[in-house]
Amino acid sequence: MARWHDGRGELVIPGDDDRPAVRVPLEIAGSYRARTKGLLGRDALDGALLLSPANSIHTFRMRMPIDVAYLDRRLRVIAVRTMPPGRLGLPRVRSRHVIEAEAGTMAGWSLRAGTRVEVVREGE
């Protein structure tokens with residue numbers, strides 16, 4: 001997979017027989033500067049933030065709890081966790097990307113371990 005660049009896009013979580021696919025606005029943080037800033041200083045997030053490359057995160061100096069999904073190189077979810085402010089997440093060995101969103105939203109999207117997501121960059 002090519003290296004991600006900063007920008008916007010859409011996170012697509014596939015549906016199944018019981019529910020349609022979910023499409024979520026996505027901010028892409030591919031540069032060191034954008035990944036370092038992440039969600040710091042924000043009180044809310046409309047959609048999700050993709051950090052790439054990344055295999056761990058922290059919530060020091062964050063103002064809100066967040067949901068974190070660790071993805072492998074094929075964009076398959078390895079694990080989903082909720083983290084309150086002031087925590088350090090353990091690195092995930094196979095993780096290549098991390099998705100962050102407001103706490104509780106990933107359950108609403110039915111995002112769980114084993115789900116393969118798609119990222120559609122703006123303009124594609």
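**Entry 1: the whole chain**

I began by reminding myself that this is a predicted model. I counted the secondary structure next, and the protein chain comes to 2 helices and 7 strands. Reading along the sequence, I wrote the pattern down as β-β-α-β-β-β-β-α-β.

Then I looked at overall size. The C-alpha atoms fill a box of roughly 40 × 30 × 30 Å along the principal axes. With 124 residues, a compact globule would have a radius of gyration near 14 Å, and the protein chain has 13 Å, so the two agree. I also noted that 41% of the 124 residues count as buried.

**Entry 2: the sheet**

In what order do the strands of the open sheet lie? I traced the 7 strands as S5-S4-S6-S3-S2-S1-S7, and the pairing is mixed. The edge strands are S5 (77-83) and S7 (118-121), each of which pairs on one side only. Neighbouring strands of this sheet are turned against each other by 30 degrees on average, with direction ignored.

A reminder from class for this part: strands of a sheet pair through backbone hydrogen bonds, either parallel or antiparallel.

**Entry 3: strand S3 and its two neighbours**

On one side, S2 (residues 22-29) pairs with S3 in the parallel sense, over 4 bridges. I found Ala-29 there, with Leu-51 as its bridge partner in S3. On S3's pairing with S6 (residues 97-102), I wrote down "antiparallel, 3 bridges". Two facing pairs I could pick out were Leu-50 opposite Ile-99 and Leu-49 opposite Glu-100.

**Entry 4: strand S6**

S6 also has S4 (residues 66-71) as a partner, and 6 bridges join these two antiparallel strands. I noted Tyr-70 standing opposite Val-98, and Leu-71 having His-97 as its bridge partner.

Why is S6 largely enclosed by the rest of the structure? I counted 5 of its 6 residues as buried, so the strand is largely enclosed.

**Entry 5: the largest pocket**

Next I went looking for empty space. Rolling a probe the size of a water molecule over the atoms shows where such space is left. The largest pocket has a volume of about 190 Å³.

Which residues lie nearest the centre of this pocket? I listed Arg-35, Thr-36, Leu-51, Ile-57 and His-58, out of 15 lining residues. Leu-51 was already in my notes as the bridge partner of Ala-29. Helix H1 (residues 32-37) gives the most to the lining, with 4 residues. By class, I get 8 nonpolar, 4 polar and 3 charged residues around the pocket.

Most residues other than glycine have a negative phi, and most peptide bonds are trans.

- Pro-53 lies in the loop between S3 and S4.
- I placed Leu-75 in the loop between S4 and S5.
- Ser-110 lies in the loop between helix H2 (105-108) and S7.

Leu-75 has 6% relative accessibility, so I put it down as buried. Ser-110 comes out at 16%, so Ser-110 counts as buried too.

How values were computed: Residues numbered from 1 in each chain as written. Predicted model: local features only at pLDDT ≥ 70, side-chain atom pairs only at ≥ 80, totals over all residues. Heavy atoms only, no water. Pairing = 2+ DSSP bridges. 1 Å grid on protein atoms, 1.4 Å probe; cavity = no way out; pocket = protein on both sides within 12 Å on 5 of 7 lines; lining within 4 Å. Points joined across faces, edges and corners; volume = space filled by probe spheres on them. Nonpolar A, V, L, I, M, F, W, Y, C, P; charged D, E, K, R; others polar. Buried < 20%, exposed > 50% of the residue type's maximum accessible area, 1.4 Å probe, protein only. Axes fitted to C-alpha atoms, helices over the stretch in contact; angles between N-to-C directions. Rg over C-alpha atoms; globule rule 2.2 N^0.38 Å.
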